[in-house]
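User: I'd like a close look at one part of this model, with the helix packing spelled out. After that, could you tell me how it connects to the rest?

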Amino acid sequence: MYLKTLMSGNEAIARGAWEAGVRFASAYPGTPSTEILENIARYREVRSQWSVNEKTALEAALGASLGGVRTLCAMKHVGLNVAADPLFSSSYTGVNAGLVIVTADDPGCHSSQNEQDNRYYAQAAKLPLIEPSDSQEALDFTRMAFELSEEYDTPVLLRVTTRIAHGKSPVTTWERAEATAPAYERAMTKHVLVPAVARPRHTAVEERLARLQAYAESSPMNRIEWGSTRLGVISSGVAYQYAREVLGDNASYLKLGMSFPFPAALARSFISQVEQVIIIEELEPFLEQAVRALGMGDEHPIVGKSLIPRTGELDSRTVALSLAPALAAANGRPAVADRTPANPPTDGVDPGALGAFGTFGTPATGELASLLAPGRTAEQAVGRPPMFCAGCPHRGVFYELGRLPVMVSGDIGCYALGAMPPFSAIDTCIDMGASIAAGLGFQAALDILKPDKPARTIAVIGDSTFFHSGMTGLLDAAYNGVGVITIILDNRITAMTGHQENPGSGFTLSGAPAREAELETLVRAIGIEMVQTVDPFDLAQVREAIESAMGNPGPSVIIARGPCALLRRLAVRRPAYQVDQDTCRKCKACLHVACPALYVDGENVQIDAETCVGCGVCSQVCRFGSIRQTDAAKDGDE
Amino acid sequence: MSETTNVMLVGVGGQGTILASRVLAQLLLDAGLDVKMSEVHGMAQRGGSVTTHVRFGRRVAAPTISPGQAHFILAFECMEASRYAHYLTKDGVIIANTRRIPSLPILIGREAYPDDIASRLASRCIDARWLDASAVAAGLGNVRVENTVLLGAFSTFLAFPEDAWKQALGTVIPTKHVELNLAAFAAGRRLTQQ
């Protein structure tokens, strides 16, 4: 009997990579991919590192692979945009030891700026694409991906989505097998991608793709599960699980674990044995396009995105309701339309969307019946958006920025919450590291349109985001002399993804001490002459620094240095504050700092002593001096 | 096909919903069942609403619970109980903590914390069992074990023996906290055992 453990997909990928003999791993943290490297770092046999960004992570990974050790590189979906340049080149260079690149996509934008479907990267870069649909497959497929990578001399793109990455299911594990890599040999005609080399490499890539397609036809990662042949489902990843949940044995399944190159012969054979075909996939019609290209739709009607939503995350109910037009007719009742805000609209489904596709005789029993039931209406509950923690160093900066007539160019991190009320102090949030260069452009537009009295643009960026790709934007501003003001919110950690170390934090992924990048030195070396460092818990300092910067027409930098309130090794907990109700004028100005420790109690504002960490920002907002520290009171009690 | 049981744990970041769901998942794994558990990380520590989905049975396909599918909801906070009530099946049960944690719109005085949550759910024929798990936990000396109190209260709704739960608690909870959590679990069971 196997001993099974419950693992997330991310843990399983890390385990699978370790079992496959991986010895080098690199990543830049990003939800939902972060835990892959955090888990792989626990294995002593693997040298693991947080890279400065996804591009350097993949370049390092390719170097390690060519150098002769099996390598894993992980990132979130938008991170692969950053790493796209080495991704495409790595397809041409090929590998030496196995190289697996993990992209963790985020349908539904749980914590991302878009929901792009990275399966197209495999197609565009001509790399094999693997899509596990639970944790066991995440482990097994990762092992297989390394074999595939070496056998076909190609990086392999392993794509998971949030529910696979963070979902947990039982996993049987295996032992580690050390991989023996060929010794490195200089291969100028393969690794030096000058035009004369790249042209023949393109031909080699196309030949490799043909061989990979042949492999996909019989890969154990692709399988047919026979049920009713009235309906054939083609699916991959987590979408396969929703399809199974909804249709059970009332359909047959072509379940694709290796979805690119598309196994055309296998698909033809499957389609020829079922009456009608539905492609159930999240986001884009990636599989659907390949299926339609087979040209079998006349005899075996095909539906896909005309029924299944193209936007947002799927779940069982969404799939069931999407199929309702076809299901319900079979059950002799009208299509169910549950139009509560919490449920996806089905109104958009035009019966014509079925086209030649008929209905299928799936009895709506058990789980399917409950999925199709009209359901309850959602309660109108007061929202619970995330907010700055008590003691967060960002609070004071955004309180001050919210009071200024400036354009604020934002970036990716916890501080994007500065866009929310009551601060409402951010104009844009684009991509990792965009704030400074986008701020430069905005400042340039203001300078062009109002040369006499241009307004000012302030870019805000976190320490890790600055290292990731903000530095280049700042160099751009310094070089071109554009007067964007940059505030680096240096909270000493990569906070939003759950406290990952970075070049400024003083530690590596494995916890070893690291050389700290000095922001002040770095910024000066880039060419910024005016550099001010402030304590973000001191509002007057923040205000004065911004005023001085606005008095200087050139580009300048303010480093707001204060540790993340959740960072135990640096955050300081001081005595809590309390409101002196006798002198309090009940103006509630203090609520504008939106601190979870402050709450309204009838006419009064109170401070929860358990939550307050004594940062003192609220007391600086009170014009009547009514918010004071409780240390005296505490001493008196004891 | 054997039925799947669907349990949602809902609360506010920092309340220990994830630890509670890990204990539940361990219990199910020990019982030899197929389990799928789904949670979303990211902003969980920033005071947002957090949910964990746990599904178990002989074979579980989808990792998430859709509206209308939850047999049980463990609500760690009063307002969160109402936010996810529509996830219940027709006969589903909410085991809910009466604790109130105001959210941002309430903290800044733009909205009031609703007073009528229990009566609204009752008027919609939603079977909610309210308990003051936080008070029980505080009585044991640490409000943080309110998650285990709730788990204890929930345990009487499933057919697993008490010892199996205790074993799962022992596996998941760090040794130095096990005793307190076993006490919290027992206290929780007493709340729903009558």
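Analyst: Let's start with chain B. A compact globule of 194 residues would have a radius of gyration near 16 Å, and chain B agrees with that at 16 Å. Keep in mind that this is a predicted model. Along the principal axes, the C-alpha trace of chain B spans about 50 × 40 × 40 Å. Inside that span are eight helices and six strands. Read from the N terminus, the elements of chain B go β-α-β-β-β-α-β-α-α-β-α-α-α-α.

For the close-up, take helix 6 (residues 146–155) and helix 8 (residues 175–193) of chain B, whose axes lie 6 Å apart and pack at an angle of about 45°. Helix 6 of chain B and helix 8 of chain B are therefore oblique to each other. The crossing of helix 6 of chain B past helix 8 of chain B is right-handed. On the helix 6 side, the residues that meet helix 8 of chain B are Thr148(B), Val149(B), Leu150(B), Leu151(B), Gly152(B), Ala153(B) and Ser155(B). Their counterparts in helix 8 of chain B include Asn181(B), Ala184(B), Phe185(B), Arg189(B) and Leu191(B). Sorted by class, the contact of helix 6 with helix 8 of chain B holds nine nonpolar, six polar and one charged residues.

Now the link to chain A. The contact between the chains takes 46 residues from chain B and 54 residues from chain A. On the chain A side, the elements giving two or more residues include strand 1 (4–8), helix 8 (162–166), helix 14 (316–322) and strand 21 (598–601) of chain A. Helix 11 of chain A gives the most to that side, with five residues. By class, the side of chain A that touches chain B comes to 24 nonpolar, 18 polar and 12 charged residues.

As for chain A itself, its secondary structure amounts to 23 helices and 23 strands. Its radius of gyration is 28 Å, close to the 26 Å that the globule rule gives for 638 residues, so chain A is as compact as a globular protein of that length. The C-alpha atoms of chain A fill a box of roughly 80 × 70 × 60 Å along the principal axes.

The axes of helix 1 (residues 9–19) and helix 7 (residues 135–152) of chain A come within 7 Å and cross at roughly 30°. These two helices of chain A are therefore roughly parallel to each other. Helix 1 of chain A makes a right-handed crossing with helix 7 of chain A. Among the residues that meet there are Gly9(A), Ala12(A), Ile13(A) and Gly16(A) from helix 1 of chain A, and Ser135(A), Ala138(A) and Leu139(A) from helix 7 of chain A. By class, this contact of helix 1 with helix 7 of chain A has five nonpolar, four polar and four charged residues.

Helix 3 (residues 54–67) and helix 5 (residues 84–93) of chain A pack at about 15°, with axes 9 Å apart. That makes helix 3 of chain A roughly parallel to helix 5 of chain A. The crossing of helix 3 past helix 5 of chain A is left-handed. Helix 3 of chain A brings Lys55(A), Leu58(A), Glu59(A) and Leu62(A), while helix 5 of chain A brings Asp85(A), Pro86(A), Leu87(A), Ser90(A) and Thr93(A). Their contact divides into four nonpolar, two polar and three charged residues.

Last stop: an open sheet in chain A, with five strands in the order 15-16-17-19-18 and parallel pairing. Strand 15 (407–409) and strand 18 (530–534) of chain A each have a single partner strand, so one side of each is left without a neighbour in the sheet. On average, neighbouring strands of this sheet are turned by 20° against each other, direction ignored. Strand 15 of chain A runs parallel to strand 16 (residues 457–462) of chain A and is joined to it by three bridges. In that pair, Met407(A) stands opposite Thr457(A). Helix 19 (residues 463–480) of chain A lies across strand 16 and strand 17 (485–490) of chain A, at about 140° to strand 16. Helix 21 (residues 539–550) of chain A lies across strand 17, strand 18 and strand 19 (556–561) of chain A, running at about 170° to strand 18.

Methods
Residues numbered from 1 in each chain as written. Chains lettered and ligands numbered in written order. Predicted model: local features only at pLDDT ≥ 70, side-chain atom pairs only at ≥ 80, totals over all residues. Pairing = 2+ DSSP bridges. Helix = DSSP H or I, 4+ residues; strand = E, 2+ residues; numbered from the N terminus. Axes fitted to C-alpha atoms, helices over the stretch in contact; angles between N-to-C directions. Contact = placed C-beta atoms within 7 Å. Nonpolar A, V, L, I, M, F, W, Y, C, P; charged D, E, K, R; others polar. Parallel < 35°, antiparallel > 145°, perpendicular 65-115°, else oblique. Left-handed = near helix turned anticlockwise from the far one by under 90°. Rg over C-alpha atoms; globule rule 2.2 N^0.38 Å.
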